[in-house]
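Please look through the structure below. The report after it takes up rings, a helix and a sheet in turn.

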Amino acid sequence: MTMSIARLSVRSGLKYLFKSTMLDDARPTPADTISYYMATGTPQGRWIGRGLDGINRAQGQMVTESDARSIFQDAQHPDTAATLGRTYGEATIAQKNGGQSTNRAVAGFDLTFSVPKSVSALWALSPRQLQEQILQTHHEAVEATIRWLEDLVINTRAGRNGIAHLGTRGVITAAFDHWESRAGDPQLHTHVVIANRVQRITDSAWTTLDSRSLYKAVVAASEHYNGLLFDALKQNLGTDTDIRAPAQNTHNPSQQLTGIDDALIREFSNRSRLIDVETDRLVKAWITEHGTRPSATTTVKLRQQATLSTRNPKEATPTPLWELSATWRDRSRTKGFDPERVVASTIRRSHNRPFGVGDFAPDWIAAVGHVTRQRVAAKRSTWNRWNLIAEAERVCAEIRCASPADRNAVIDGVATEAEHQSVPLNEYRYSLPAEAAEDLHFANRSVFDFHGSRLYTDEATLAFEDQILAARNDDGGPTVSANVAMASLALYRKDGTSELHEDQRAAAAEILLGSHRLEAIVGPAGTGKTTALGAIKAAWEAQFGSGSVVGLAPAAASAEVLGSELAMVAENVSKWLYESMGSGAAQRSSSFFDAESQLTSYGTTNAAKSLLEKRIARLAAEQAQWTFRANQLVVVDEASMVSTQQLAAIVAQAKQAQAKVLLVGDPAQLDSIDAGGVLGWLDRQGKAARLTSVWRFQHAWEASASVGLREGHISALKEYEHHGRINHGMYLDMMDRAYAAWHSDVLSGHASVLIAPDNETVSMLNQRAQADRVILGAADVEQTLVLRGGQHAGRGDIVIARRNDRSLVDDQGAFIRNGTLLEVLGVNLRHRSLHAQRTDTGATVELGASYLESSVELGYATTAHRSQGITVDSAHVVVTPGRLTRELLYVSMTRGRFSNSGLCQ
């Protein structure tokens, strides 16, 4: 996301303001931050926003220390000290569980606008005058986005339960420009800190803004800023843009400036750059001392030394922009990119006239609105206007407009058309008479009819949901007799020892005895869903025989785990649908009918008929593998990650075969990347059996805290902090501490997972873990092969497969799945292959160069997304604000049985 948001509490807001906005992000906070922020090497902050009239400040006026204190700490007028509404304070509020927590007043919101990476690269390599032009263009886009927010989003609530959304006289914001990332890469970005004080348009009274509306519109505002920025760059500098393929491990293409090469973008997007620079210095020193280049093993050891020595930036004083620019230009040259040529090939290349709103015919608006609605419907079961605006910006990404007003009008028209083509799910409760005062309208709508308040869906989504609901209400599903079910559940023992817990037995009985065509089990992490499934499978097979339970899961790796744990056939949902009703089924059907046609044709010899009969039998048998049978139980594990469309298709197949579908999962964990939400709906409607007792964790407090985290209670985080499980600090220090704790656990023989918020951090941690294995003699990097992203692996390294490949089969007959962990046993340089052993089954497999370079990475650390479904002894999580959602944090902090620790920036 190009624009992110962070809430600033009164207690920590000013501290954050001086540390992360008034100070340079990349450097630690000096002891005297209040007097230091002016000298950070970045420009002094400036005031922007229409609300400045209320505090007698002007647009662009410099932000002083005293003004910042008055507004963000004391909520006072900076000149008169008059209170701007109620004073900031703290209130103690009761929690549902009977406890209490402190509700801290919100001082403001930090909107961080970061230009796309190609724009940062152009800015970094440009001469000073052009740098100023780019910076000013960025300012124009930021200020246009703030005006857009003031027009459509920023409101204050009034009336019972805040039913009315009243307009304001604008926001008071302090904007601070920064030049670089933590690693010293060019990253032009601006912190725009919005004060949580606005004047109500009806009576000019000071009040707080409606943060819920702001948060709902953040993604739309981010996409809108992108469009405005590229529009302004074209107008001011004559740039063009193009859409780049999705980056590694992401699904989203990006828009970048034409003329800025991807390799240059990667050079300026490397969080490990500080380590690279220090490693190069150490290697040069080694060569000077020893007269020869260090071996691969020694180089790895030197890099580890560099990693430890660059944990925190040491610079006590900021680096001036001119010096940073010189460094960036030198780096560009070392990568083969002459700065002057890069700049010349990027600016003054576009000669096309930008579009005005009058250039777009109504038919075009309607067509683009249709595409926008379809794209949103593919991702979501329900949506609001902000979702449509964000998608409209993505659809219109390459359309350059002549002015912010033109872009606003075009996007508004497309989103409105998409809104008209959607099916509303809720109505507005109140209306205004035609003669109502103007100030009872906001964003050209009634104060009761504000943007984003109405939810929408479409006919296809409703049809899929109707199919699933009909299956839930269908009482014709197969059941297990009470005698068989109760006897089997009483005898069932997990691993031959542990009896079922009461809630597991109750949930299993509800599924076995229930006659619905569709059933569901939900439960928080650690409640023993797999154990309950094991008991259900045993009872079902006791009634209907071996093979009467089949498993499906959203990913091949999770399907393999499900099949292994429950000793049954399990498959990837997408693969099942492909083979049962998609292209795989179509190909077999075509071959089947072709063979039958040949079999009945005149003149076919007996020998040919025999071959055709055998072919027909094989094709029929293959299709039967992908067909449900009567009285079968179809278990869909991690069902929250399966889309509504896919679930509807599975339910339709089960109904046709007279089988039964069982959805299992936790709707509070990760959801489907496509339109989903069925499992959560069933849970909220009381149509799912529930597991409630958390058994995974060694400590009782962690069981209850994990449930609080699942429900989004702030008090749960305080519980983790109280027990020393959450610590705060600078980013690099927190990453170092998480790694050290994980490495200590691994050396002690514990199963541990190291979780990072993004792929760049994962890569850095992987390189460090590899170096430690080399130092300990557990891995050899003298003979290595290249992996994806330029990493290398040798004997003893742990690697992870990132793509399903059914042609890569291990010596136990299983294919290599996305997420499979392997240890490298040997390197064959002649054939450019690795001989590797799976860490879960012990099976071995040969991985060739093509697969290695496209689909294998070092496998020591992982992202939160990939950690779902893992259960280990301990988990160590690196948390960066804005990178982990509640769902991702919940998943990450519930992987370990004995310990789950979060290290937060």
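## A buried tryptophan and its partner

Tryptophan 123 is buried, at 1% relative accessibility. Buried means under 20% relative accessible area, exposed means over 50%, and partly exposed lies in between (1.4 Å probe, protein chains only). Tryptophan 328 is buried too, at 0%.

This is a predicted model: local features need pLDDT of at least 70, side-chain atom pairs count only at pLDDT 80 or more, and totals for chains, interfaces and linings use all residues. Residues are numbered from 1 along each chain as its sequence is written, and side-chain values use heavy atoms, leaving out hydrogens and water.

## Aromatic pairs

Rings of Phe, Tyr and Trp (its six-membered ring) pair if their centres lie within 6.5 Å; planes under 30 degrees apart count as stacked, over 60 as edge-to-face and the rest as tilted. The count comes to 13 aromatic pairs. In one of them, the rings of tryptophan 123 and tryptophan 328 have centres 5.6 Å apart and planes at 50 degrees, so the pair is tilted. Tryptophan 123 lies in helix H4 (residues 117-125) and tryptophan 328 in helix H11 (residues 321-334), so the pair ties together parts 205 residues apart in sequence. Helices (H or I, at least four residues) and strands (E, at least two) are DSSP runs, numbered from the N terminus. Trp123, Trp179 and Trp328 form one aromatic cluster.

Phenylalanine 355 and phenylalanine 360 also form a tilted pair, 5.2 Å centre to centre with 40 degrees between the planes. Phenylalanine 355 is partly exposed at 34%, whereas phenylalanine 360 is buried at 11%.

## Helix H11

Which residues of H11 are buried? They are Leu321, Leu324, Ser325, Trp328, Arg329, Arg331 and Ser332. Seen down the axis of H11, they fall within an arc of 160 degrees, so they line one face of the helix. The arc is that of the directions from the helix axis to the C-beta atoms.

The face turned away from the buried side carries the exposed residues Trp322 and Thr334. Glycine 336 follows H11, and its phi is positive, near 90 degrees.

## A five-stranded sheet

An open sheet has five strands in the order E33-E32-E31-E28-E34, with antiparallel pairing. Two strands pair if DSSP finds at least two bridges between them. The edge strands, E33 (844-848) and E34 (856-858), each pair on one side only.

Strand E32 (residues 833-838) pairs with E33 over five bridges, in the antiparallel sense. Leucine 834 has leucine 847 in E33 as its bridge partner.
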